[in-house]
Amino acid sequence: MADHQGSSMANQTPITDEIFPKHTSKTYALVELVRGESAMVDKGPDDTLFAFPSVLLREIVLFLGVTLAIFLFSLVKHAPLEEIANPFVTTDPAKAPWYFLGLQELLEHMHPLLAGVIIPAVLVLFLVVLPYIDRSSAEAGVWFGSARDKQIVAWTALYTLFVMSAYVVLDNAFSLRELLRAGAPQWVAQGLLPGGILALLVALPAFALRQRQTTTHQIMLVLFTVMLVSAVVFTVSGFLFRGPGFKLYWPWQMPGGYNPWDGL
């Protein structure tokens, strides 16, 4: 028995020889030493998909496809420039380009400094530091992660869709800025309270998930999903449900013949 085990161990190929086989036409070079864990641990050149050319070629094809789609859309949709702006005539509703409509929607609920500067800066900072907070390499390069990750993202998306839509509707009907205009300082009515409510709505699903056994990666999934779905909700609200006076209407009940799709 002992001889059999010894013979079996002698016949096993060392791991280093499996990853870097000897006497082949390949050559290897030590290019970098890293401290701690890395996605490249226990992976050799034959078990690695490099960014070039595999990923780069796909990105080039995607870029060309998007460019072609925009080109064809511009041929089909006739979108001439409007007349020169007249300072004595105000367009109603005056809407920003679609990519700024989310921020314009936020301006309806809080102070411009908070909606136009602080919140966008916090979101950009969050994206910058995200790789340094979530340092797990277990699911690096894997779309959507595990089954539990998908459930977390799906439930967070539903929560955000409902809560942010309700926030837009309720704050439009009972505006804190108007209710507290005479009774509270401006920085409280337009800054502290709406900013605090928004922060609470964002942190609530992450706090609820924190009570269960969870990972930093999943907490980051929650926060990123809230950020992304909130941007979609505010953009759609500003584009489709805001009419004259930038008030909320159903798209099919816009007064004055206004149609949000006309400016597309």
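**Note on a predicted all-helix model**

1. Helix α8 covers residues 186–210, 25 residues in total. Its first and last C-alpha atoms lie 34 Å apart, close to the 36 Å expected at 1.5 Å a residue. The expected span is 1.5 Å times one less than the number of residues. Helices (H or I, at least four residues) and strands (E, at least two) are DSSP runs, numbered from the N terminus.

2. Ground rules. This is a predicted model, where local features need pLDDT of at least 70, side-chain atom pairs count only at pLDDT 80 or more, and totals for chains, interfaces and linings use all residues. Residues are numbered from 1 along each chain as its sequence is written, and side-chain values use heavy atoms, with hydrogens and water left out.

3. Helix α8 has a kink. The bend is about 35° at alanine 203, shortly before proline 205. A bend here is the angle between axes fitted to the seven residues ending at a residue and the seven starting there.

4. What does α8 bury, and under what? Its buried residues are Val188, Ala189, Gln190, Gly191, Pro194, Leu198, Leu201, Pro205, Ala206 and Leu209. Buried means under 20% relative accessible area, exposed over 50%, and partly exposed in between (1.4 Å probe, protein chains only). The cover over these residues includes α4 (101–107), α5 (112–133), α6 (147–173), α7 (176–179) and α9 (216–240).

5. Overall fold. The protein chain has nine helices and zero strands. Buried residues make up 23% of its 264 residues. Of the contacts with a separation of 6 or more, 64% join residues 24 or more positions apart. Contact means heavy atoms within 4.5 Å. The chain exposes about 19900 Å², and carbon and sulfur atoms supply 68% of that area. Accessible areas come from the Shrake-Rupley method with a 1.4 Å probe; for residues, only the protein chains shown count as cover.

6. How many salt bridges does a search of the whole structure find? It finds one. The side chains of glutamate 105 and arginine 242 meet at 2.7 Å, N to O. Glutamate 105 lies in helix α4 and arginine 242 in the segment after α9, so the pair ties together parts that are 137 residues apart in sequence. The criterion is a side-chain nitrogen of Lys or Arg within 4 Å of a carboxyl oxygen of Asp or Glu. Both partners are buried: glutamate 105 has 0% relative accessibility, and arginine 242 has 1%.

7. Surroundings of arginine 242. Leaving aside neighbours within four places in sequence, arginine 242 is in contact with Lys95, Glu105, Glu108, His109, Val168, Asn172, Ser237, Lys247, Leu248, Met254 and Tyr258. One of these, methionine 254, is 12 residues along the chain from arginine 242, with 8.5 Å between the C-alpha atoms.

8. Isoleucine 152 lies in α6 and is buried, at 9% relative accessible area. Not counting residues up to four places away in sequence, isoleucine 152 touches Leu209, Gln218 and Val222. Its C-alpha is 7.8 Å from that of leucine 221, which is 69 residues away in sequence. Threonine 225 lies in α9. Threonine 225 is also buried, with a relative accessible area of 9%. Its contacts, again not counting residues up to four places away, are Val153, Thr156 and Ala157.

9. Backbone points to check. Most residues other than glycine have a negative phi, and most peptide bonds are trans. The peptide bond from aspartate 92 to proline 93 is cis, with omega near 0°. Proline 93 sits in the loop between α3 and α4. Phenylalanine 246 has a positive phi, near 55°. Phenylalanine 246 belongs to the segment after α9 and counts as buried at 8% relative accessibility.

10. Surface patch. Which residues make the nonpolar surface patch? They are Phe52, Leu56, Leu57, Ile60, Phe63 and Leu64, covering about 630 Å². Leucine 57 is in helix α3 (residues 51–76). Patches are made of residues with over 30% relative accessible area and no salt bridge; like charges are joined within 9 Å, and nonpolar side chains (Val, Leu, Ile, Met, Phe, Trp, Tyr) within 5 Å.
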